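Reader: I am new to this protein and would like to learn how to read its helices. Could you take me through a few of them slowly?

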Amino acid sequence: MLASVWKYKRKLREQKPCPNLTALHREHFVSPGLNGFLIVEANGGLNQQRSAICNAVAVAGLLNAILVIPQLEFHNVWKDPSEFGDIYDEDHFISTLDGYVKVVKELPEALMERHNYNMTNITNIRVQAWAPVSYYLGVVSPILQKEGVIRIAPFANRLAMSVPPHIQFLRCLTNYKALRFSSSISVLGKKLVYRMIEKSSRTDGKYIAVHLRFEEDMVAFSCCVYDGGKAEKLEMDSVREKGWRAKFKRKDRIILPDLNRVNGKCPLTPLEVGMMLRGMGFDNNTSIYLASGKIYHAERYLAPLIKMFPNLYTKESLATSDELAPFMGYSSQLAALDYTVCLSSEVFVTTQGGNFPHFLMGHRRFIYDGHAKTIIPDKRKLVVLLDDVSISWRAFKDQMEDMLTESDRKGIMVPRVRKINRKTSVYTYPLPECRCLQQSLANQIDRNLVILDDYNGTKA
């Protein structure tokens, strides 16, 4: 099944010749950092923070500012105190961007002293979401030049997708070369990939990676109903109160679980994911890597999926307790391990959207020259079929096979460049905009996570 599932193969049209990167450097990045220092606070989970980091580099290039290594916000949902260097290789990040954007680990002593060693004393600019280039050049740049240092916090989607080519290049450079996971994450990640390949011997080392968003916080945030009992309601109300306080109690907020379900906004249960995959033709010999946080009531909800796919593995089952111990309690570092194994899978299945699958799909498109080999189910159609108690297995299977074909067809589509917007993010659709970086890194890009030819003794 894994060898024949894909009917379509991506054929990229030839784009205009890539600019000479040396010429690009001379034209736009001659003296980086002349206008002062930029401090940002990246918020959210692993990949929302990744987006913020890439955008921060782009803004620093746009403002000709020196970027201070981004700070990572501690969120009361993710509860991860990791710093930048715990997740990414700081020195590699700085050296890769050298010559394009100057990056430092901390502000100079003189500037810290001027602000009484208190970051909150530094001018903080509240930038609107998806702010255009004109705003940064017209409003932010004069303040930076006057103050010598500015903060932008929070800093998530604070830069429009449509930017000049040399600034878009910085996003590509940051995402696909500068942001490399720390050595501790990389070493264990490679071990997990090798173990997953070994477990997949019946399918020539090929496996599916499923991103299952059925954790407690996701179920609570979706406001969907599952068993419908009083205990579930009390539990979910408590989780919402702890994570988002009064957000779900506002008078203007109307919560309609049934409508959420019909609109495909409810996280799929493990059982529903299993039925979808079996309907698409994946049998019980298929090896599956399950990328997820702690599954909501795993003992009850996960059992049906394991029964359908006994060759199902997680980072917890592939790694020893000693290997995982340094990462426990750090949700972003655990997510980075999942990201690594998913990146090397033959097929990636996304079930709920979000930053994790969007970045992963883009990374896979970049590596695999356009075709992401991703299954993105039509959830609106899927829930109608799942809720139809009279449908036969044959009819359901026919519908799932059609859905797989349509998902594959859409997987090779690339939005037209002139229509780039927040929905056609360069992080999700890196080609053709990151094509020039892809060509320049043909012999350098960190492909070890995909072809795994530099294991160097980490196999265990």
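Author: Let us start where two helices touch, taking contact to mean heavy atoms within 4.5 Å: His92, Phe93, Thr96 and Leu97 in helix 4 meet Leu173, Thr174, Lys177 and Ala178 in helix 7. By class, this contact of helix 4 with helix 7 has four nonpolar, three polar and one charged residues, where Ala, Val, Leu, Ile, Met, Phe, Trp, Tyr, Cys and Pro count as nonpolar, Asp, Glu, Lys and Arg as charged, and the others, Gly among them, as polar. Residues are numbered from 1 along each chain as its sequence is written. The model is predicted, with local features needing pLDDT of at least 70 and side-chain atom pairs counting only at pLDDT 80 or more, while totals for chains, interfaces and linings use all residues, and side-chain values use heavy atoms, leaving out hydrogens and water.

Reader: At roughly what angle do the axes of helix 4 and helix 7 cross?

Author: Two packed helices are described by the angle between their axes and the distance between the axes. Here the axes of helix 4 (residues 90–97) and helix 7 (residues 165–178) cross at roughly 140° and come within 10 Å; axes are lines fitted to C-alpha atoms, for helices over the stretch in contact, and angles run from 0 to 180 degrees between N-to-C directions. Helices themselves are DSSP runs (H or I, at least four residues), numbered from the N terminus.

Reader: Is Thr174 buried or exposed?

Author: A residue is buried under 20% relative accessible area, exposed over 50% and partly exposed in between, using a 1.4 Å probe and protein chains only. Thr174, which lies in helix 7, has a relative accessible area of 0%, so it is buried. Leaving aside neighbours within four places in sequence, Thr174 is in contact with Ile53, Cys54, Val57, Phe93, Leu97 and Leu179.

Reader: What span should helix 2 have, and how far apart are its end C-alpha atoms?

Author: The expected span of a helix is 1.5 Å times one less than its number of residues. The 18 residues of helix 2 (residues 46–63) should therefore span 26 Å, and its end C-alpha atoms are 26 Å apart, which agrees. Helix 2 is also mostly covered, with 17 of its 18 residues buried, and it is followed by Asn64, whose phi is positive, near 55°.

Reader: Which elements do the buried residues of helix 8 pack against?

Author: The buried residues of helix 8, including Ile185, Leu188 and Met196, pack against several elements, among them helix 3 (84–87), helix 15 (315–318) and helix 17 (331–343).
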